[in-house]
Amino acid sequence: MHKIFKTLLRDVEIFFEEYFIVPFSIAIFLTLIVFLILHIHKKRKTIGRLITIPLAAFYFSELFYTTLLCRIGTKTDALANVFGEWSIYDGETSMYINPKPILNIILFLPISIAVFCFTKQVFDKTYSDKKILIYTGLFSFSVSLFIELIQLIFSIGTFQISDLVYNTVGGIIGAVIYIGLNKILIHIKKARK
């Protein structure tokens, strides 16, 4: 148990040291651009927009920085492990967890929240639960495929089928969470009336 805790603590430490400052700066820049565009189009600023736009910008900056931008300058054999890592165990002992599959799922959990909250707040567009699931699955797969292909073309990571599967599953789980949270919020609003 100590080994698992130590590994997870180190992963969190690495994340904040290496993967936080640059994406945060990119997110601020993207947020300013979106607010400028909204101001030009005379869209009124609501609390939802003031919260949603920076969070979506931060999520996508973090996603692309973590998977692509931070790897620029490093060369890898992009086809070294095409099938990827399917097990959460590293093979040494049954207690030592390989965090990569879990992190690939977690990485895409917020994608539907970022996309659908953004479209709802900025474009005043809502979708049915079925469309949210379908669009999230397709969008998660497409974004993951884009990342994997960029890693393959520029040799800045390894093209892995397991990443495509885990990222898509993470996106769909995130969509289920988003749909559930929407239902809870709707129920709370109805109960207040």
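A: Axes here are lines fitted to C-alpha atoms, for helices over the stretch in contact, and angles run from 0 to 180 degrees between N-to-C directions. The model is a predicted one, and the helix to follow is α7, residues 161-192.

With helix α4 (residues 99-108), α7 packs at an angle of about 45°, the two axes lying 7 Å apart. The crossing in which α4 passes α7 is right-handed. On the α4 side the contact is made by Pro 101, Asn 104, Ile 105 and Phe 108, and on the α7 side by Asp 163, Tyr 166, Asn 167, Gly 170, Gly 171 and Ile 173. By class, the residues of this contact of α4 with α7 are five nonpolar, four polar and one charged.

The packing with helix α6 (residues 129-154) is described by axes that come within 8 Å of those of α7 and cross at roughly 150°. That angle makes α6 roughly antiparallel to α7, and α6 too passes α7 in a right-handed crossing. From α6 the contact takes in Asp 129, Ile 132, Leu 133, Thr 136, Gly 137, Ser 140, Phe 141, Ser 144, Leu 145 and Glu 148, while α7 brings Asp 163, Leu 164, Asn 167, Thr 168, Gly 171, Ile 172, Ala 175, Val 176, Tyr 178, Ile 179 and Lys 183. Ten nonpolar, seven polar and four charged residues make up this contact of α6 with α7. Asp 163, Asn 167 and Gly 171 of α7 are named in the contact with α4 and also in the contact with α6.

In the loop between α6 and α7 lies Ser 155, whose phi is near 50°, a positive value in a residue other than glycine.

The second largest pocket holds about 450 Å³ of space. Of the 19 residues that line this pocket, Cys 117, Lys 120, Tyr 178, Asn 182 and Leu 185 are the closest to its centre. The elements giving two or more residues to the lining are α5 (111-123), α6 and α7, and the largest share, eight residues, comes from α7. By class the lining has ten nonpolar, four polar and five charged residues. Tyr 178, one of the residues closest to the pocket centre, is also part of the contact of α7 with α6.

Methods: Residues numbered from 1 in each chain as written. Predicted model: local features only at pLDDT ≥ 70, side-chain atom pairs only at ≥ 80, totals over all residues. Heavy atoms only, no water. Helix = DSSP H or I, 4+ residues; strand = E, 2+ residues; numbered from the N terminus. Parallel < 35°, antiparallel > 145°, perpendicular 65-115°, else oblique. Left-handed = near helix turned anticlockwise from the far one by under 90°. Contact = heavy atoms within 4.5 Å. Nonpolar A, V, L, I, M, F, W, Y, C, P; charged D, E, K, R; others polar. 1 Å grid on protein atoms, 1.4 Å probe; cavity = no way out; pocket = protein on both sides within 12 Å on 5 of 7 lines; lining within 4 Å. Points joined across faces, edges and corners; volume = space filled by probe spheres on them.
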